[in-house]
Amino acid sequence: MKVKRLQRIMLIALMLMLVWITACSKAEENTQSTQTIESSATDSPSTQAASEENTNPLGKYDPPITLSTVKIFSAVDKFAPGETPEKNIWTDGYLKDLGIDMKINWSVVGDEPGGAGEQKLNIAIASNDLPDIIPVNAKQMKQLVDNGMAEDLTDAIAKYASPLLKKFLAANDGLALKTGTFNGKVLALPVPTASIDTAAMIWIRKDWLDKLQLPEPKTMSDILKISDAFTNQDPDGNKEKDSFGISLSKDLYTGGLHELTGFLEGYHAYRNLWLKDTNGRLVYSGIQPEMKTALAKLQEMFKAGQIDPEFGVKDNGKVNESVISGKIGMFYGSHWNAFWPLPDSFKQDPKAVWKPYPIVSADDKPAIPSIGLGVNPESVNMGYAVFKKGSKHPEAMIKLANYYADKEYGWETGGYNEEFHQPNPNPDGYGRWRFAAVYAPDPDQNINIYRGVKAAVENNDQNALKNLQAKGNYDIYQKFIKDHDQGSYGNAIWAGPKDTALSILDYYMNNKLGISDMFFGSKTDTMVKKQSTLDKLQLETFTKILMGAVPVDAFDQFVSDWKKLGGDKMTQEVNDWYAAQK
Amino acid sequence: MAGQTSFSRIVFNIFNYGFLALLSLMALFPFLNVLAVSLSNKSAAAAGLVKLWPVEFTFASYRFVFLRDEFFTALGISLERVLLGAALSMLVTVLAAYPLSKEEKAFPGRTLYAWIFVFTILFNGGLIPWYMTIKMTGILDSLWALVLPGAVQVFNCLLLLNFFRGLPKALEEAAFVDGANHWTILWRIFIPLSTPVLATVTLFTVVGHWNSWFDGIILMNSPNHYPLQSYLQTVVVKMNTSTFANIDPVQARLLSEISDRTVKAAQIFMATIPILLVYPFLQKYFMAGIVLGSVKE
């Protein structure tokens, strides 16, 4: 009897479980289908209204429309308790001011290339489970365009873009918008970024230079001398030969920190640009003879012990340890190094004085840093926004971009509201701007901050502080001058008036130094197939040459391999594209 | 046995134990390092000065983690997942293994069924079909999405199946003579006799559920619904700095917090504790279970 009962209980339990599972799924389906019915019902009347009504860049939909998107956050983002991707100041504002009810289909943390966000979005694309507004990187943009899943935005931008947004998009010759244009149609709205922000610079411990009585770097030979002195003359004064001349991470020439881009540019060698040669054809910069010269120098430095022999297994965070603990006093990097890792160095040793320098040249021609296209093609969150083909109201995405520009930069229009950027006061460093569905940052944001701070400090120009971002940094700078506190250090050496990260970018801009990729089309067929292999080959070969595992002449072998393995075909395709642009 | 005390034997033992000790130390060092970092001062950790002993001992990181809800929300979801997932998985695995352990005579088509199961070890539909199936089942963004898709662990099923076949047939026959049916035989004879292998398989399942993070990230629609390992993945994730150039100044200020290794280390360490606690108690079964299950008679 007992057995029978047990058996029955088991069966009932199983049945219950099955019922439960199916019931769960049913319920969800039902809510989903009613949702779509609802949203399509509310959609239809307002479509007509919109087409008849004016083209006010911030016009409100009445009755409200429903749009969906997904949010990809970075591991850095922190939000105040109670503020969620689904409900926050932005979604409230969208509904109140624009009449747009923004639904967040999903959100994920991890916006780095190849990270969780990109993977989840790839799955969404492959399974055609897309929201109306899709944030994508360049690769995914091409995928959506190739599959006819991107709505044409040309008219919407022309009609609805606010003056502010138009200004942002026109920066840098409107190159950003061109990268989102296919056959004359704008199929993706780029997130405009400052092209100059990717320019390389040199960070050096000024206190070490002074201690060893070295001159500030003017040429590459100065750099080589400094590197030698930092290795052999015991800059940290512990009577041990435990320091290195220059830092390097395993990524070699990418990452914007502990890398060689700026070093190579001192020899007029560029890692991965398509540049015009003397015959007017586009050629790949990574295989040019200048590169060989630079690599030979690096090999010498490595053999002389000026580079950490373990660099091949160290990522940026690991190399930072050497910088913070005072074993490395010079590195090539970018403007944001002011925030990472330098504040940690300041905290560990307040006597460490870091000073940035523009990149220097090996000969009488000036060294020109490579700069971006005004859009970040690798970022899945801050790259492009695509509107799903077939969804209603593509112009709503432009309105959302207008709204962002207005709330973040509208000091002229009166739309500016700091509450949208971050809570005020904000001791915990919470962010809010990352909740926005569409971004339209000012590409000149950082340089304007610098110029504002400089004008205020040097000429006491109060008018310059009308830009509230400049004012924020000005206040922090003043606090640092007074308190020398660690919390203000990063901003102070970033935006301060003299010898700071942004002052270097300002120098580049004022002297019109900067060279960008002349190929800004979407990836060609051969690139899609071969580029990752070729990139790997390049990184491996360069690393081996640098470490002396192969002689410098291995570079010639690399060049011919590169050409054979698809490089020649890529060059052809790029030049075909170039010819079509004229 | 005579060789037990011979010279060569002693030398062998010295080297053998020395080698094994070295091996276990190698496994232990990373743990000690993480523990030491979690108990150290922030800037000392950032400068890479912490090796096996904390520098400027502090509990600050643990205090920080304890004050944040995210860690404990995720821990709760993970515990729920492990309990529900292991229970469900064990149930269906036992129920599948029992009939498949019978002979072709008793269960016509048994071999075919067994091969169908094995087929799924060798081939699978791939990520996208997997995702779409789960989505269309309507369990996306719920605990069921983490538990149901992997409920039938075919490898565990085979372990169990082999173990069942190793049990004396006479037991089963005697039970039939006494009037028992299959349910009785399974619950009252097979299960009690199979505790070693069941413990092993349970451990596999529990550890599997505890450690998996990828499905959490793909199947959950909000970071608030992540199990612990998915949450940790977002916290501990490697910095990829190539998109930093256009960073916002406010966000840039947070960068220095990322280098906060001590908090990461504290979270990693706390996440390993539960599994570290389970292992010693199941270990004795663990060895017996694997050996017995793998030998056929």
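**Getting to know a predicted two-chain model**

Me: Within what distance do the axes of helix H4 and helix H11 of chain B come?
Reply: Happy to start there, keeping in mind that this is a predicted model. H4(B) covers residues 69–100 and H11(B) covers residues 195–211. Their axes cross at roughly 140° and come within 9 Å.

Me: Is H4(B) oblique or roughly antiparallel to H11(B)?
Reply: The two axes cross at roughly 140°. An angle has to be over 145 degrees to count as roughly antiparallel, and one between 115 and 145 falls in the remaining class. Therefore H4(B) is, relative to H11(B), oblique.

Me: Is the crossing left-handed or right-handed, and which residues of H11(B) make the contact?
Reply: H4(B) passes H11(B) in a right-handed crossing. On the H4(B) side, the contacting residues include Ser78(B), Gly85(B) and Met90(B). From H11(B) come Val201(B), Thr202(B), Thr205(B), Val206(B), His209(B) and Trp210(B).

Me: Which helix gives the largest share of the side of domain 1 of chain B that touches domain 2 of chain B?
Reply: Chain B is assigned domain 1 (1–58) and domain 2 (68–294). Their contact takes eight residues from domain 1 of chain B and eight residues from domain 2 of chain B. On the domain 1 side, helix H1 (7–38) and helix H2 (42–46) of chain B each supply at least two residues. The largest share, four residues, comes from H1(B).

Me: Moving to chain A, what is its radius of gyration, and does that agree or disagree with a compact globule?
Reply: Chain A has 21 helices and 12 strands, and its C-alpha trace spans about 80 × 70 × 65 Å along the principal axes. With 582 residues, a compact globule would have a radius of gyration near 25 Å. The value for chain A agrees with that: 27 Å.

Me: How far apart are the C-alpha centres of domain 1 and domain 3 of chain A?
Reply: Chain A is divided into domain 1 (57–193 + 380–435), domain 2 (200–370 + 523–581) and domain 3 (445–510). The C-alpha centres of domain 1 of chain A and domain 3 of chain A are separated by 29 Å.

Me: Is Gln445(A) buried or exposed?
Reply: Gln445(A) sits in helix H16 (residues 445–459) of chain A, and it touches Ala194(A) and Gln469(A), leaving aside residues up to four places away in sequence. There are 21 other C-beta atoms within 10 Å of Gln445(A), and 20 or more are needed to count as buried. So Gln445(A) is buried.

Note on methods: Residues are numbered from 1 along each chain as its sequence is written. Chains are lettered from A and ligands numbered from 1 in the order in which they are written. This is a predicted model: local features need pLDDT of at least 70, side-chain atom pairs count only at pLDDT 80 or more; totals for chains, interfaces and linings use all residues. The radius of gyration is taken over C-alpha atoms; the globule rule is 2.2 Å times the number of residues to the power 0.38. Domain bounds come from an automatic or database domain assignment. Axes are lines fitted to C-alpha atoms, for helices over the stretch in contact, and angles run from 0 to 180 degrees between N-to-C directions. Angles under 35 degrees count as roughly parallel, over 145 as roughly antiparallel, 65 to 115 as roughly perpendicular and the rest as oblique. A crossing is left-handed if the near helix is turned anticlockwise from the far one by less than a right angle, and right-handed if clockwise. Two residues are in contact if their C-beta atoms, placed from the backbone, lie within 7 Å. A residue is buried if 20 or more other C-beta atoms lie within 10 Å of its own, exposed if 12 or fewer, and partly exposed in between; C-beta atoms are placed from the backbone.
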